[in-house]
Amino acid sequence: MNPVQAGAMLPLLIAWPVFAALAAVALARFGCTRRLFDGFVIVAAGITLAGVALLIAPVLTASRISGSVPFGLGRAEFVADPVGLMFALPAALVWFCSTLYAAAWLRDDPAPVRYQVTSLVLLAANLGVVLAGDLMTLYVCFEVLGLVSLLLVIHDGSRRARRAGVKYFWMSLGGGISLLAGIFLFQALTGSDALETLPPDTGNSTLLWAAFGLLLTGFGVKAGMVPLHVWLPDAHPVAPPPASALLSGVMIKVGAYGIFRCLNVLFMSESGDQWALTAAMGLIVLWIGLITMLVGAILALGQQQAKRLLAWSSVSQMGFVLAGLGAGAYLGADGAMASAGGLLHIVNHGLFKGALFLGMGAVAMRAGTADLDRLGGLWRKMPVTFTAMLVATAGVTGVPLFNGFASKSMIHHGIVQAGEQAGGPLALAEWIFLAASAGTVAYFVKLIAYVFMRRPEHGRVDSVREAPAPMLAAMLLLAVPIVLLGWRPDWLLQGLVEPGLSALMIPVEPIAHFLSRYFLSPGDSWSFALTAFSGGILAAIGMRFGLFRVRAPAWVGVDYWYRAAGLGFIGLCRRLKSAITAVQSPGRVLSAGLGRKIRPLLADDAGRIEHAEDRFFRRLDRVREDVRARAEALALEPSELSAGEDAPEDDRRRLLNAVHWLSGLLVTRMIEHAMSAFAHAADRRELEQWLSACEERTGKLARSSLTMVRSCSESSQIDAAMLERAWRDVLPPLPVAHDAAQPTSARQWADELKALVTHPRHRHWPVTESLDRGRLVSMLRWYLKAMSRDLELGLALVFVMLASAMLLLLLL
Amino acid sequence: MSGILPNWLLPGLAVALPVTGSLVIFRAGHWKHRMTGLAVTGTVLLVTLALTVIMAVTVADGNRIDLVLFPLLPPWPVAFRVDAMGAVFAMTVAGLFALAMMHAVGYLPDDRRQWRFHGFLLASLGCLIGVALAANLLTLLLFYEVFSLLAYPLIVHERKPEAFNAALKYLVYILSGGALVFTGIVLVQHIAGSGTFVAGGMLPDGASDPALIVAWAALMTGFGVKAALMPLHGWVPDVHPAAPSPFSAVLSGVMVAAGVFAILRVLFEIFGAGLLQRLGVLPWLAAFAGFAVIAGAMRAVAEDDLKRRLAYSTISQMAYVSLAASLASQTALAGALVHIVHHAFFKGGLFLCAGLIIATTGVRRISRMRGLGRRMPWTAGTLTLLALAMIGVPPLSGFTGKWVLGSGMAQAGGYAHLAIILAGSLLAALYLWPVVYRIWQTAEEPGPDCGEIPDRKPRQDNRWMLTAVLATGLITILLGLAPRLPGFPLELAETAARTLLGSPAWK
């Protein structure tokens with residue numbers, strides 16, 4: 001494939017998973033077998049992997065291939081360069097393994113189709129971000145990736161998952177908006193939305209720093225950068241294990257990718273002021289990375305849930321990546337080693353964290369729990385899983401000849417070099433790095449020890465078996481490159497990283513220097529031995545004395561404050577509303593003296609401004625609705641529907657009709673009495689109390705109307721007195737004795753009701769309800785009165801305004 | 001449009017056809033079959049929509065169609081002029097009315113009163129198209145006022161007491177606004193001797209500043225009432241929930257937008273960007289609009305009634321447009337116009353969803369919407385989609401508007417404006433996400449559940465409403481994925497923005 005053809009294929013490659021997802025939906029709709037569906041999805045992911053792999057040759061010959069399709073506001077531009085491929089390749093590989101694994105994991109899942117389709121769409125979005133050629137395409141793919149992956153987080157639908165999902169949604173939405181703002185500002189600086197370096201004359205301005213800060217925040221949320229990491233340790237563990245592998249192994253890398261692009265493309269410059277600017281930005285990222293790695297490691301040590309531990313470990317490892325990228329940008333022309341270390345660590349982390357999450361998923365599936373306190377001794381039961389996880393652990397802790405070793409020592413050298421160059425507090429950087437590395441060793445010793453090694457509680461893990469074959473295959477497929485890259489990191493370093501960095505005008509000699517001088521050198525191996533030793537001791541002490549179970553109070557975490565701020569803002573909005581509706585509006589305050597007439601016009605909420613009579617009626621009306629709804633609900637209860645009748649549906653409908661009518665009838669009677677009592681009442685407070693009692697006893701009223709319906713259908717006898725009794729028995733006596741019963745009309749209603757209950761033809765509620773009509777007429781009378789009064793006022797206002805217009809005209 | 005119809009006839013027909021149709025429809029209650037009446041209404045709507053589309057295609061490259069009817073007051077004829085901005089708005093109006101009418105067929109009970117609703121709806125469609133195509137201030141006001149009066153019977157159609165209350169408040173607000181606009185017109189007449197819209201402004205530069213400022217303030221306040229700019233918004237949150245849902249969709253989607261549209265006309269075709277900058281009034285508009293974006297959204301957050309929440313959201317979203325207008329930058333203005341169109345469909349769609357939910361279950365309060373997702377999956381899905389569009393998630397239509405608007409603002413140097421619209425979209429998430437969360441919530445968590453309330457309407461009635469709802473969802477996706485298709489709002493909006501800022505394309 002020549003570069004031009006490859007460029008034309010690029011958009012197709014990215015769109016392919018989406019088409020495959022649509023096809024998968026269609027397959028599932030038309031009821032294909034489970035096996036065929038799984039096979040299709042796996043093949044689709046495999047084709048994507050093959051497609052990305054095929055890009056390597058043309059990208060290396062042309063160093064940059066591009067293609068575009070019309071989409072959205074213009075064209076979606078895609079560019080593949082070696083750095084982009086560094087991200088795309090492991091993404092496609094982990095995705096393929098995860099899909100394979102998921103096919104087995106989702107055996108008993110209620111929604112396998114949703115999971116797999118979501119996963120394919122996310123694959124497309126993920127490739128789209130790392131292969132995007134302009135900022136708009138990048139943003140669109142980034143947002144789709146961020147928000148669609150919410151479906152994976154909440155996949156199991158548990159309460160915990162939904163809570164994590166809420167947090168995830170807010171963080172990624174906020175990150176997305178910050179990113180968008182950054183992009184807008186960057187556009188304002190450059191005048192285009194190409195993914196290119198700033199023009200050299202932009203100088204050092206607030207605008208530029210604002211753009212950088214916003215972009216860093218946007219990508220940082222995704223990357224799990226402290227203090228924006230709060231969603232990660234909640235969201236990653238609650239997702240199904242294959243999804244955790246994707247979220248933790250691949251998707252957070254998109255954030256690192258963005259930060260790399262910011263530092264090495266968008267805000268990079270070779271000379272003058274601007275170099276100092278890039279260096280300052282690199283220093284910020286380096287510090288954030290150092291803090292992130294330390295915080296992540298400390299909190300990972302404290303976890304007793306295996307998946308949470310792995311999630312915190314992801315935070316910490318992203319700290320390593322950011323430190324490498326930051327040091328690389330800080331060192332500028334000498335920074336190739338640190339940047340390459342960061343990039344390599346991204347690939348490595350994808351592989352080992354993917355394998356670890358898949359392995360823990362297999363353990364959790366077979367042992368039924370991922371709680372470290374309840375596991376143990378599994379290495380005999382699950383030897384293959386154990387091997388895969390051991391290899392991944394060796395990778396993550398940086399054992400020589402496993403993949404983490406090369407990337408960590410490159411980052412280490414980069415940090416040392418940056419520390420030497422900057423001096424000051426950055427001299428601490430190396431110690432922070434070593435502490436975080438020791439912490440990494442400690443929490444993985446803890447993990448392996450608790451899950452696989454220590455003596456299990458009696459009987460708990462006896463029945464555990466090895467995981468099914470596809471899951472094992474997926475884990476091993478990730479474990480193999482961990483060993484290969486540990487042995488020959490130069491394949492990746494010289495194959496992709498060097499051409500990638502030299503395309504970005506970064507001198508790449510330090511990489512060759514590293515490979516020849518430092519790789520597997522005694523010095524680096526010693527520093528690993530040191531961290532491993534101290535990490536082992538830390539783990540031993542911590543586990544022995546229970547240090548890992550110490551918990552800080554909630555307010556120490558930023559999480560607490562975000563939540564407090566969010567809820568506080570909602571509280572503020574609520575308070576604003578109640579303040580405004582209490583005062584109605586500033587205009588209302590001013591007009592308070594103008595009397596009652598003008599108030600409704602300026603009131604903020606017309607529904608609230610009404611006369612005492614209306615208000616009283618409104619409350620009674622709500623009681624009516626409530627009683628009716630409750631009575632209907634009661635009638636629908638299974639015990640109420642007599643079993644064994646010949647036509648239960650008919651019966652149910654008739655009962656419902658009758659209840660609907662009778663409860664309305666009953667309460668309307670009550671309302672009539674209450675309203676007339678209100679009209680004659682001397683003291684309305686008593687009536688209000690009576691009404692409150694009414695509101696509390698709607699359930700009883702509903703029940704009594706149901707009782708009446710039953711007695712009616714049995715004896716066919718109902719009269720006004722019964723109706724009266726029904727509500728008077730339940731409620732306290734009306735404060736004003738006002739006896740205006742209307743037996744004739746009540747009789748009429750009762751007849752209608754009887755017809756309704758006994759006559760099978762009345763299946764539906766009639767169009768007009770005589771009871772409601774009476775209510776409607778009286779209500780309309782009140783409102784017409786109110787309206788005529790206020791309409792006149794409105795018209796008067798209009799005339800006043802017209803007159804003032806004329807006056808104004810005369811004055812001018 | 002060559003051949004069948006002469007161009008000048010198009011605007012006249014687009015206004016007259018729905019008005020005439022409404023007169024026929026008022027009689028439809030006496031016809032034998034419901035379908036006859038519906039077919040007539042549907043035909044009128046579709047033909048009107050087709051006419052507006054034809055007009056839009058005709059003026060897309062900067063042409064103009066003029067039609068002067070008859071003098072109303074001596075120097076002021078009733079006159080129509082189709083330009084890109086008017087055409088794109090007319091098209092939106094006709095499209096949204098068609099969806100609302102389809103929804104109304106299912107929403108309203110099948111009785112004689114439904115024809116009243118359809119009749120008034122058609123008549124008000126004609127008037128709103130008249131607003132979109134008006135060639136001078138007086139014609140615009142005339143059609144706007146008639147529309148506002150025709151809205152009264154539509155708002156109180158269900159004869160609920162709160163609807164009467166709210167409609168009364170609405171009348172007073174709108175008529176006072178109209179009176180202020182009239183004052184403004186008189187002043188404009190006094191200053192310039194005419195009120196015909198001219199791209200780039202028509203007021204003479206030499207006029208006295210105080211007179212200009214008073215005229216500006218009168219017109220802005222008057223149209224601000226209709227556009228629901230924050231201190232003048234009082235009628236919106238009461239009328240929207242009280243009106244029948246199909247009409248709430250129209251009110252929110254195009255009635256408020258028509259106010260904003262009129263503001264744009266006044267700003268750029270009466271005053272002109274240069275004069276406004278000299279007068280220094282634009283920062284005032286920006287301040288009010290910015291306040292409306294934030295405060296409207298904050299009020300929306302606190303509301304529990306879905307329709308009330310959406311009403312406040314309209315206040316917030318429509319203020320985006322005024323905010324963009326206050327920058328007088330071409331890209332931002334194009335973004336604002338696109339936002340008007342896209343907002344009409346997603347907000348209209350949200351109101352239609354709310355209407356379908358209310359008609360089926362009677363649930364209006366968000367806190368009681370748990371379990372809707374399982375009971376009405378298509379409606380809930382569309383509601384989610386439209387909510388995401390309003391938040392501005394790509395690749396849905398809200399994102400298109402937000403992108404053009406935002407990048408225009410950043411390029412024009414309006415960083416505070418940019419911050420406000422981004423905050424507005426974060427707040428949009430804050431008031432819409434709880435709705436989405438609630439409807440998809442399952443029964444495990446404690447709280448009221450709507451799943452057990454029996455259906456109020458038989459299922460087949462919902463088909464009309466469901467189709468309308470799904471159509472808004474599809475439009476939202478289409479406008480997001482391919483806004484650059486020829487004849488789509490974006491192209492027209494860009495032409496319009498170019499024209500408005502004084503480089504008329506037809507010269």
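## Packing and backbone in a two-chain model

In chain A, 79% of the contacts with a separation of 6 or more join residues 24 or more positions apart; two residues are in contact if their C-beta atoms, placed from the backbone, lie within 7 Å. This is a predicted model, in which local features need pLDDT of at least 70, side-chain atom pairs count only at pLDDT 80 or more, and totals for chains, interfaces and linings use all residues. Residues are numbered from 1 along each chain as its sequence is written, with chains lettered from A and ligands numbered from 1 in the order in which they are written.

Chain A has 812 residues, and 49% of them are buried. Buried here takes 20 or more other C-beta atoms within 10 Å of a residue's own (placed from the backbone), exposed takes 12 or fewer, and partly exposed is in between. The secondary structure of chain A comes to 31 helices and two strands, where helices (H or I, at least four residues) and strands (E, at least two) are DSSP runs numbered from the N terminus.

On to the strands. Strand 1 (residues 65-71) of chain A pairs with strand 2 of chain A in the antiparallel sense, over seven bridges; DSSP has to find at least two bridges for two strands to pair. Phe71(A) sits opposite Gly74(A) of strand 2 of chain A. Two residues lie between the strands of this hairpin, and Gly72(A) takes a positive phi near 55° there. Strand 2 (residues 74-80) of chain A is largely enclosed by the rest of the structure, because five of its seven residues are buried.

Now for two helix pairs. Axes are lines fitted to C-alpha atoms, for helices over the stretch in contact, and angles run from 0 to 180 degrees between N-to-C directions. Helix 3 (residues 82-105) and helix 18 (residues 469-487) of chain A pack at about 165°, with axes 8 Å apart. That makes helix 3 of chain A and helix 18 of chain A roughly antiparallel to each other; angles over 145 degrees count as roughly antiparallel, under 35 as roughly parallel, 65 to 115 as roughly perpendicular and the rest as oblique. Residues of helix 3 of chain A that meet helix 18 of chain A include Val94(A), Leu100(A) and Trp105(A), with Pro470(A) and Leu477(A) among those on the helix 18 side. By class, this contact of helix 3 with helix 18 of chain A has 13 nonpolar residues, one polar and no charged. Nonpolar covers Ala, Val, Leu, Ile, Met, Phe, Trp, Tyr, Cys and Pro; charged covers Asp, Glu, Lys and Arg; the others, Gly among them, are polar.

Between the chains, the axes of helix 7 (residues 159-190) of chain A and helix 16 of chain B come within 8 Å and cross at roughly 45°. Helix 7 of chain A and helix 16 of chain B are therefore oblique to each other.

Last, the backbone. Most residues other than glycine have a negative phi, and most peptide bonds are trans. Some exceptions:

| Site | Value |
|---|---|
| Val226(A) to Pro227(A), cis | omega near 5° |
| Pro394(B) to Pro395(B), cis | omega near -5° |
| Leu520(A), positive phi | about 60° |
| Ala228(B), positive phi | about 60° |

Leu520(A) counts as partly exposed, with 15 C-beta neighbours inside 10 Å, whereas Ala228(B) is buried, with 30 other C-beta atoms within 10 Å.
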